[in-house]
Structure formats: C-alpha cells, structure tokens
Amino acid sequence: NAGTEADVYISVYGERGDTGSRQLLRSQKPKKFLKGQTDIFAVEAVHLGHLYKIVIGHNGLGSGNGWFLDKVVIKDPITDLDYTFLCHRWLDQGQDDGNIARDLTVTDASTLPGIQELGLKREETWAAEKWKFQEGNTLQFYNRLTHGFICLSPDSTVDALGDQKNKYGKVFFRWMYA
C-alpha cells in the first residue's frame, strides 16, 4: 500500500523562479505511482536556473491515497544536470506525521555552485590539521565565554571544568561563542 491513486502535484523552485503547482498527469508507465515503480514525467517550464527545492504532494482523494515517496530526480535538459530530492517518507494523513505534501531541498551536491570547492577546502584543512588528532595528543579548546580551557586527554578523559590557565603550553583550537 505504498502507492497512491490520488492526484499528485509538484512545484519546482530555482534561482530564477518557480513552475507553480503542476499535476503529474502522464507517466511513461500505464499505471502511475505504484509501489516499487519509477515514473517518468515531462514537465514543461521556463528554465529556472539551478534548482534548490520542490514541493510535492497529493490531493488526498481516492481509496488508498497514502503514498510512500522515496525520491524525486529532475533532469534539466538544458544543462544536463540531475537534481536529486530525497524524501523517504509517507505522504499520508494516517502515517508518519500526517502530511500529504513535502518541501524537499536538493541533495545532489554536484549541482550546487561552490559545494565542490568547499569539499576540497575541507580536505586541505584536514590534511593540515589531522596531526592534532593522533594518538597521544591532548587537545585543548578555549572557551571565550568562560575564559577557560577544556582538555581532551589521550586516555579519553575530558577536563571540562574550564581551567583558567593553559596546562600544556599550546592551544590547538579556540571555540568562539558569539
């Protein structure tokens, strides 16, 4: 009972606007929205640029209208990019949280500008900083709020009292609280 016979609607949001609510009418399959089935729909719209969100749901009508949605993948024919929106939840008034519509944000990192650069920066930072986490090192975190040090010792103990002086001569990290 993971499929639905209800009318399903989608709104697609991008950096240049949105499609408005569109009913998903004609699948490439003879019967749409069945359990375990992948349906493919063509939705005509102006080019929205990079996509970031969709709203998908159904009208709740018909017998067995509850629907378990795994994910939605939108292929942009202009840029040839795939945008993935993970759901893995029920759209059912009697299941999960009772909602029959979901706001889903893009989860495919390759389509977000700058996300790849951020990943590379993280790798570079880890390569430069991983020595601090080697066995035998004591880590100290400075808490600006309490003006004390929190120490993580090699024996897995934590001194979280926030001592006012640096016990080990170096501060590896500083926690900054606004």
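This note goes through the fold, the pockets and the salt bridges of a predicted model.

1. **Overall make-up.** The chain has 178 residues, and 30% of them are buried. Its secondary structure consists of 11 strands and 1 helix. Read from the N terminus, the order is β-β-β-β-β-β-β-α-β-β-β-β.

2. **Contacts and surface.** Take the contacts in the chain with a separation of 6 or more: 50% of them join residues 24 or more positions apart. The accessible surface is about 12,000 Å². Carbon and sulfur atoms hold 53% of that surface.

3. **Largest pocket: volume and centre.** The volume of the largest pocket is about 1,100 Å³. Its lining counts 35 residues. Nearest the centre lie Asp 39, Phe 41, Val 72, Val 73 and Ile 74.

4. **Largest pocket: who lines it.** Strands E1 (8–14), E4 (51–58) and E5 (67–75) each give two or more residues to the lining of the largest pocket. Which element gives the most? E5 does, with 9 residues. By class, this lining splits into 23 nonpolar, 6 polar and 6 charged residues.

5. **Second largest pocket.** This pocket has a volume of about 150 Å³. One part of the lining is Arg 22, Gln 23, Leu 24, Leu 25 and Arg 26. Phe 41, Ala 42, Val 43 and Glu 44 also line the second largest pocket. The classes here are 5 nonpolar, 1 polar and 3 charged. Note Phe 41: it lines this pocket and is also among the residues nearest the centre of the largest one.

6. The structure holds 7 salt bridges. Side chains of opposite charge can pair when their charged atoms come close. One of the bridges joins Lys 75 and Asp 80, with N to O at 3.0 Å. Both Lys 75 and Asp 80 are exposed.

7. **Salt bridges: a network.** Arg 89, Asp 96, Asp 97 and Arg 102 are linked in a network of salt bridges. Within it, Asp 96 pairs with Arg 89, the closest N and O atoms being 2.9 Å apart. Asp 96 also pairs with Arg 102, where the closest N and O atoms are 3.4 Å apart.

8. Is Arg 102 buried or exposed? Arg 102 counts as buried because its relative accessible area is 7%, and the cut-off for buried is under 20%. Arg 89 is partly exposed, at 31%. Asp 96 is partly exposed too, at 46%. The bridge between Asp 96 and Arg 102 thus has a partly exposed partner in Asp 96 and a buried one in Arg 102.

Terms used. Residues numbered from 1 in each chain as written. Predicted model: local features only at pLDDT ≥ 70, side-chain atom pairs only at ≥ 80, totals over all residues. Heavy atoms only, no water. 1 Å grid on protein atoms, 1.4 Å probe; cavity = no way out; pocket = protein on both sides within 12 Å on 5 of 7 lines; lining within 4 Å. Points joined across faces, edges and corners; volume = space filled by probe spheres on them. Helix = DSSP H or I, 4+ residues; strand = E, 2+ residues; numbered from the N terminus. Nonpolar A, V, L, I, M, F, W, Y, C, P; charged D, E, K, R; others polar. Buried < 20%, exposed > 50% of the residue type's maximum accessible area, 1.4 Å probe, protein only. Contact = heavy atoms within 4.5 Å. Areas by Shrake-Rupley, 256 points an atom, 1.4 Å probe, with all protein chains shown as cover. Salt bridge = Lys/Arg side-chain N within 4 Å of Asp/Glu carboxyl O.
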